[in-house]
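Student: I have a protein model open and would like to learn to read it. Can we go through it together?

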Amino acid sequence: AGAAIVYATVVRVVLASAGPGASDRIYYGTDTRMDAIAFGALAAIAVATWTHRGERSSWVTKLLGSEGALIAWGAIYVGSLIIRDEWFRDTFRFTLQSIAAIGVIVYGMMRSSGWVHNAVMSFSSNRIVTLLASRATASISLT
């Protein structure tokens, strides 16, 4: 997974630096976008390791389940949208958005209490949200 992250990032940087016209290849190429899946795989391994030890919550799980972490993931995502540079968009925006999305998913998987966590969990388990998510997943798997 680590090699896939490095490879996809390097290929995006090389293609974006080669000149105009690479955006479609960067956007649609499996090899240029596989870092998102690799980040997800690493996150799954990390969460399984942190939550299946049978220990009390570690500082890592407490940190990732905190409202501050959720704010940080949101800030990273919004920040990636604010930067309008085309080279950045074709290279590191995808990486930052993948990390932010996985961070939000991990936040939801951490045992946490508080009104923010409860609101996020309530929203994500809302019938309409789960219906839309299942429709989106079905349409992606059909393409």
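**Reading the fold**

Tutor: Along the sequence, the protein chain runs α-α-α-α-α-α-α-α-α. Keep in mind that this is a predicted model.

Student: What share of the residues in the protein chain is buried?

Tutor: Buried here means under 20% relative accessible area. The protein chain has 143 residues, and the buried part of them is 30%.

Student: What is the accessible surface of the protein chain, and what percentage belongs to carbon and sulfur atoms?

Tutor: The C-alpha atoms fill a box of roughly 50 × 35 × 30 Å along the principal axes. The accessible surface is about 9,400 Å², and the carbon and sulfur part is 68%.

Student: Are helix H4 and helix H7 roughly parallel or roughly antiparallel?

Tutor: H4 covers residues 35-51 and H7 covers residues 86-109. They pack at an angle of about 25°, with axes 9 Å apart. Angles under 35 degrees count as roughly parallel. So H4 and H7 are roughly parallel.

Student: What is the handedness of the crossing of H4 and H7?

Tutor: Look at the residues that meet. Among them are Phe-39 and Val-47 in H4, and Ile-99 and Met-109 in H7. The crossing of these helices, H4 and H7, is right-handed.

Student: By class, which residues make up the contact of H4 with H7?

Tutor: H4 brings Asp-35, Ala-36, Phe-39, Gly-40, Ala-43 and Val-47. H7 brings Thr-95, Ser-98, Ile-99, Ile-102, Val-106 and Met-109. By class, the contact has eight nonpolar, three polar and one charged residues.

**Two single residues**

Student: Is Gln-97 buried or exposed?

Tutor: Gln-97 sits in helix H7. Its relative accessible area is 18%. The cut-off for buried is under 20%, so Gln-97 is buried.

Student: Leaving aside neighbours within four places in sequence, which residues is Gln-97 in contact with?

Tutor: Contact means heavy atoms within 4.5 Å. With its sequence neighbours set aside, Gln-97 touches Tyr-77, Ser-80 and Leu-81.

Student: How far apart in space are Gly-79 and Thr-91?

Tutor: Gly-79 lies in helix H6, residues 67-82. Gly-79 is partly exposed, at a relative accessible area of 26%. In sequence, Gly-79 and Thr-91 are 12 residues apart. In space, their C-alpha to C-alpha distance is 14 Å.

Terms used:
Residues numbered from 1 in each chain as written. Predicted model: local features only at pLDDT ≥ 70, side-chain atom pairs only at ≥ 80, totals over all residues. Heavy atoms only, no water. Axes fitted to C-alpha atoms, helices over the stretch in contact; angles between N-to-C directions. Helix = DSSP H or I, 4+ residues; strand = E, 2+ residues; numbered from the N terminus. Parallel < 35°, antiparallel > 145°, perpendicular 65-115°, else oblique. Left-handed = near helix turned anticlockwise from the far one by under 90°. Nonpolar A, V, L, I, M, F, W, Y, C, P; charged D, E, K, R; others polar. Buried < 20%, exposed > 50% of the residue type's maximum accessible area, 1.4 Å probe, protein only. Areas by Shrake-Rupley, 256 points an atom, 1.4 Å probe, with all protein chains shown as cover.
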